[in-house]
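Notebook open. I want to look up cores, charges and salt bridges here.

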Amino acid sequence: MKWLTTIFISLISLNIYSQEANDINHIIGIVQDANTHMPLQFVTITLQDINNQEVIGDVTNKNGTFELNVPKGKYYCIIGSLSFKPFKINTLDINQDIDLGTVELNQKVEKLDEIEIIAKTKLLDYKFGKKIYNASKDIANVGGNAITVLENTPTVRVDGQGNIYIKGNQVQVLVNGKPYGGLKSNSDILSLIPSSSISKVEVGNQSAKYDAQGGGGIINIILKKRIKEGYNGTIEAHAGKPDNDGISAFLNYKTDKINIFSTASLNHNVVNKNTVIKQTFLDDNQNPTGNFEENREDYRQRNSVLFNIGSDFYIDDKNTITTSILYSSTNKNYDSRLFLNDFQPVDNLIKSSFRDVDDNSDESFLEAFINYTIKFNDDGHQLSANIDYDKNSSKNNTLIFNHETYPDVELYKQQYTKDEYADNYFFQLDYTLPFKNNAKFEAGMKSNFRNYKNDFVTSSINGSTQLHEVIPEFTNIINYDENVYGYYATYSKEHKKINYSLALRTEITLTKIFDDKVQEEFTNQYTDFFPTVEIGYSFENKSSLLAFYNRSINRPTISQLNPFDSFTDERFIMIGNPFLNASYTNFFLLEYYIEFEKITLIPSLYHTNTTDNITNVLEKTNNQTHDGFDIYRRLPINNGTLNQTGAELILTYFPINKLRLNASITPFFASLSNTRENQYDYDDFRWYTQFSANYRFNNTLRLKIDYVYQSPIKTAITGFDTYQYTNITASKDLFNNKATLTFKVQDVFDTRKGIYDSLEANTISKRTTSFERRYLLSFSYRFNKASKRNAHNRAKEVDKNIFEINDKLK
């Protein structure tokens, strides 16, 4: 149908070009979707001469633009397509060249033909080196948060610890192009952002413009912001089992001088999980010396509130100031009960006990951001400056009650307190200078200052005196300062079917650690260079080929540096390593994109090489528990070189108009070598896949099925079993598409279990963790009101004497 429309319009256009040149006027404009603000292709623009009824027309291209050569005269104008309400102008008096500006069309909902078109809306768009996941269009995200969105993003994997991966490598996560948070993990901070405030997620290759952190690429979460004038918003409430209750609101108001946007959310969440650990202890001759079994029940409750407000202030057409302030507060109450059974065959002795852990934290996060952008012209010549400050604080208090129940009854208590603080300051300057012939030069700098303090005290409570007796080996104050100065330059050019980009980023890093216990300061300074090369080629058949190379750095996270992290298990203590060094990754990618009528394919090949790879190891502490068992510590160290070679295939398929299938599969080979005494070396083949099926029964009822599979993972000393789960989401639009009711079931078949086994430090361990199936019911309501200064009036300002326009759209 599209090609018939194109041929028809082209034949009509031939008649127009036969008229005399001096009577011709040039008409241009852009057409966008009023809801998504994305450009619309194949929209028909028709002008009918009021006097002789002759018709002139055009269709928009992939960028949503159109242009017509029209003789002088008065015309009836209509812009529309089958799935959108038409934009109409009763009388358009053309006597000069006219730029109609941006025309936004609203979708229809009443016609059957529209079902077939809307069903083909893509969740994933592609540009050179960048995949764009349209998160706001995916019903599986309703009632969730930013982590939910990332779990549903094709090719992105989020593990049980909140680490985020692409192609087997951890990535840098940005929000609106800037780092987000500095004390806690990505999952802690991102889980506070409601999904209703997220527009899309950009998954791209590393760019010299941003920090060199992260070997797998960059994920940029784009929050919603209104483009056209007026106000709009979304209010969403949800309730779940186990407890997952909350309410959030996104509001936006825009005029020709200012754009104000705000997000607020309040959430209560509970996660229940059960973990079973079975261990066998060996002597140096690998003979069993005892068995240990732990059954752990975890109840994790989290209450959080978030508020964000920002604005774009348009000083004039060339100068804009953007500001935002975000505050979040979280209270965590993590209760655990551990049932412990020890068997020592030498003494034929069994000891039974249980441990209660009451872990409470109060955390807060504050961010203030300001940006100033000046556009020197309309060709992209601009200068942008950012200043960002964020402050994190966390106060933790944990009580541990140990109850020995057999053979003797004994009770002892432990307590640890941990106060953490982090301050981050960012200053960034970006300059863009376009040249003729589709060339562009970019340069900039960024200064990042981070200060982290960890004050922790561990004590035992004397049963007789009830006084706290400090445990010196687990008590200290650590201060960590990190300053990073980054500079970059990029040159890019498009020449016919070829485009390329050459970039270099330099980062100067200074770190300082002060250990209060030993009263010693350790400093480090190093300078690194990070080149990036990207070459692309566009073919005639809507396909393209991309080759990419980049070098990046993986600096340790706060949790990896923190000398003391968890004391909930007195035998196996999780600690960080404040003297951990950064690792470096070389990333090579070859990617192809091709689009057919019903199928879109994005296959790629990649290879990563990481030196000074960060690996967790288990070591004896040479200490024992009160009942005579060895105490181990698990900590990260720089250990070996990791090579990963693999492929990735992303597929979108429309077998019928109502059904959309999406799939991604990433098989790869991982090899770790040159580790400490070679005891951690391994070779392993792995693969990860995501699949989703979206079915639209009619204009208001939709169903989505998501399936995630992670193959077994084997290292030299550890193994993870298959990890998989299935989610089902149903969605019903109400009140003329102003509201949506959504019901979601997570882990439908109860397969989301983590099974882990290891052989290290003369201990055979097997750990099995299971989660409850989760149910979520969500209701969202959308409101939208355009300013009176709408698309008609904007076009009218081109020449007040040109248009006579209807007061409203039909």
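My entries follow, topic by topic.

**Ground rules.** I am working with a predicted model, where local features need pLDDT of at least 70, side-chain atom pairs count only at pLDDT 80 or more, and totals for chains, interfaces and linings use all residues. Residues are numbered from 1 along each chain as its sequence is written, and side-chain values use heavy atoms, with hydrogens and water left out.

**Cores.** I looked up the nonpolar cores (sets of buried Ala, Val, Leu, Ile, Met, Phe, Trp, Tyr and Cys residues joined through side-chain atoms within 4.5 Å). For burial I used relative accessible area: buried is under 20%, exposed is over 50%, and partly exposed is in between (1.4 Å probe, protein chains only). The largest core has 33 residues. Leu150, Ile164 and Tyr180 are among those with the most contacts inside it. Several elements supply at least two residues each, including helix H3 (146-152), helix H4 (186-190) and strand E15 (198-204). Helices (H or I, at least four residues) and strands (E, at least two) are DSSP runs, numbered from the N terminus. H3 gives the largest share of this core, 4 residues. I also found a second, separate core of 22 residues, which includes Val31, Ile45, Phe66 and Phe84.

**Salt bridges.** I searched the whole structure and got 20 salt bridges. Each is a side-chain nitrogen of Lys or Arg within 4 Å of a carboxyl oxygen of Asp or Glu.

Which residue does Glu507 meet in a salt bridge at 2.7 Å? The partner is Arg555. Glu507 sits in strand E28 (residues 498-515) and Arg555 in the loop between strand E30 (544-554) and helix H5 (558-561), so the pair ties together parts 48 residues apart in sequence. Glu507 counts as buried because its relative accessibility is 1%. Arg555 is buried too, at 10%. Both belong to a network of salt bridges that also links Asp211, Lys446 and Arg505.

Next, I checked Arg702 and Asp733, whose side chains meet at 3.4 Å, N to O. Arg702 is in strand E39 (residues 701-710) and Asp733 in strand E42 (residues 723-734), 31 residues apart. Are these two buried or exposed? Both Arg702 and Asp733 are buried.

One further pair is Asp684 with Arg686, at 2.8 Å between the closest N and O atoms. Asp684 has a relative accessible area of 10%, so it is buried. Arg686, at 9%, counts as buried.

**An exposed loop residue.** Last, I looked up Asp379. Asp379 lies in the loop between strand E22 (349-375) and strand E23 (382-406). Its relative accessible area is 62%, so Asp379 is exposed.
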